[in-house]
Structure formats: structure tokens, C-alpha cells
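Open the model in your viewer and keep the selection panel at hand. The stops below say what to select and what is there.

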Amino acid sequence: MATLTHYIILSSILFGIGAIGFVSRRNALILFMSAELMLNSVNLMLVAFSYFRADIAGQVMVIFVFAVAAAEVAVGLAILITLFRHVREVDVTKFNILKW
Amino acid sequence: MDWYFWIFAVIAVLAGIFTVTTREALSSAMGLLTVFIAHAALYLHLHAPLVAIFQVSIYAGAILVLIVFVIMLLMAPEERAGVIQANVSFRSFGVLLGLCLVGLVAVGVKSIAVLIARRSLPDGFGSPSVLGDAFFRDYLLHFEVVSVLLLVALIAAIYLCKKRAWKH
């Protein structure tokens, strides 16, 4: 039987993969997807804790995270499209107008 | 039921690695889709059927379609097919950071897992009626705040994408 430790290790590995992708890739869309990967791994940990503690609050929290993630993606992709109109590029190192 | 966890855990990790390493953004999105489905399967295993349904319909359905739509919109294949690659220092820093994170959690797990004793599940745990009860009794205010957040995000997205919104 898979224990809580299994789930914690799995979700921390997935979070690590997402973090690696987030800091090492330059394509803005892949950065988004890495952020989604991290959000998902945290959701998995919440559901696992909810199951092993028999507490429904973890699942409620996960559904709130879904709503916040949907809002984040909507606004984030809108910002990305607006940036693309100016820079004609999705490489995050090209978005350097505030950098000095 | 041990094999069930291992199959989907391995699928999730492999698809996650594929998501962050592949050159094409579209292949990356397909890897992410696989991760979402594997997560949904694990949620079913953890007595969270409603969360699994939301995972498939919201993440694999709505959010991923939005991401694929933007990939199609912004990245013409002949123009920038996977030309964006990070340099070596970026990558090694990222891998180092990720491994530190995983190591940190692995050290923390030892102390946490002892504290968390397994409890027996009540009847109907994770069923829509129990979850709905929790939502509309204990978390009603939070629910309303989230609905306002979604409305604000909707308005923000429309405003940002409007033509001439950010004209100099």
C-alpha cells in the first residue's frame, strides 16, 4: 500500500521538475507550463494529506487552487499576448525593457 | 493496489521530465496533459473523485486548451520551432536548485511522516455531497471571494488583450 511518504516524495519530485523547468527554460509558454506542474504537485500533496488525515478541507483547498490557477492562466496569457504585440517574441530574456 | 500508485507515479514523473526538457512548446503541452491525467488517476486512488473530475475538465480541458491556443497563436512553426534554448549556466543553476528543493523535502519527510498517523475514513469521504456540504457550510465566504477573483481575472484578461490598451 502506498503510504503518505510515497505521495510526499512523488509530489516533491514533480515540484522539483517544475522548478527546474521554470528557472532553466527561456520560452515564456514553457515557463507557464512549469508553473502549472508545480501547482499540480502541491495539489497532489494536499489531496494525499486530506486522504491520510481523513479531513475534507484538503480537497476543498484543491478546488480553490483550481479556480486561482484558472485566473492566473487567463491573466498570464493575456499579459503574454500583450507583450508579444510589442516585442514579437516569446523568449523571456528579450523582455528586458525594465532591466538596467 | 500498490501497482496502481507506481504506474501513475512513474508516468507523471516521466511526462513531467518530458514537459520541461522537450524543445517544441506543443510537445511540452502534450507532456503536461499526460501529467494532468496521471494526477487525476492518483486523485481517484485517494478517494477524491470530484477533484479528479475537476482535474480533467478544468486542467486538461480548459487550461490546457487555452495554453495550446496561445502556442498556436504566437509560435508559427517555421519561425521559431524550438529555437529558444537556455544557456548552460541557466540550466545548471536550475537543476541545482531543483535538486536542492527535492533534497530539502526528502529530509523534511522523515520528521513529518512520523507525526501524521493514518486515520480511518468516514462514510462517503470525498463524495460530491460531502464536498458540497463543506463548501456551502464552512467555506461559503471563501467560495464567494473566489467567484469575485474569477470575475476580476476575466475583466483583466479582456482589458489586457484589448487593442490599443497599452499604446504608448
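Predicted model: local features only at pLDDT ≥ 70, side-chain atom pairs only at ≥ 80, totals over all residues.

**Stop 1: the interface**

Select chain A and chain B together, then pick out the residues in contact. Chain B brings 85 residues to the contact and chain A brings 72 residues. The two chains bury about 7,100 Å² between them, and 78% of that area is on carbon and sulfur atoms. The size of an interface is often expressed this way, as accessible area lost when the parts come together.

Now look for polar links. Eight residue pairs, both residues at pLDDT 80 or more, are in polar contact between chain B and chain A.

**Stop 2: the chain B side**

Hide chain A and keep the residues of chain B that touch it. On this side of chain B, at least two residues each come from α1 (2–21), α2 (25–45), α3 (49–74), α5 (88–115), α6 (128–137) and α7 (140–161). Which helix gives the most to the side of chain B that touches chain A? It is α3(B), with 13 residues. Colour the side by class: 60 residues are nonpolar, 17 are polar and eight are charged.

**Stop 3**

**Stop 4**

Most residues other than glycine have a negative phi. The next two selections have a positive one.

- Select A54(A), in the loop between α2 (28–53) and α3 (57–87) of chain A. Phi of A54(A) is near 55°. A54(A) counts as partly exposed because its relative accessibility is 21%, and buried would require a value under 20%.
- Select H47(B), in the loop between α2 and α3 of chain B. Phi of H47(B) is near 60°. With 37% relative accessibility, H47(B) is also partly exposed.

**Stop 4: after the helix α7 of chain B**

Select K162(B), in the segment that follows α7 of chain B. Is K162(B) buried, exposed or partly exposed? K162(B) has 47% relative accessibility and so counts as partly exposed, since exposed means over 50%. To finish, draw a distance from the C-alpha atom of K162(B) to that of L64(B): the separation is 22 Å, for residues 98 apart along the chain.

Conventions: Residues numbered from 1 in each chain as written. Chains lettered and ligands numbered in written order. Heavy atoms only, no water. Contact = heavy atoms within 4.5 Å. Buried area = accessible area lost by both parts, 1.4 Å probe. Polar contact = N/O pair within 3.5 Å; in protein donor to acceptor, adjacent residues only side chain to side chain. Helix = DSSP H or I, 4+ residues; strand = E, 2+ residues; numbered from the N terminus. Nonpolar A, V, L, I, M, F, W, Y, C, P; charged D, E, K, R; others polar. Buried < 20%, exposed > 50% of the residue type's maximum accessible area, 1.4 Å probe, protein only.
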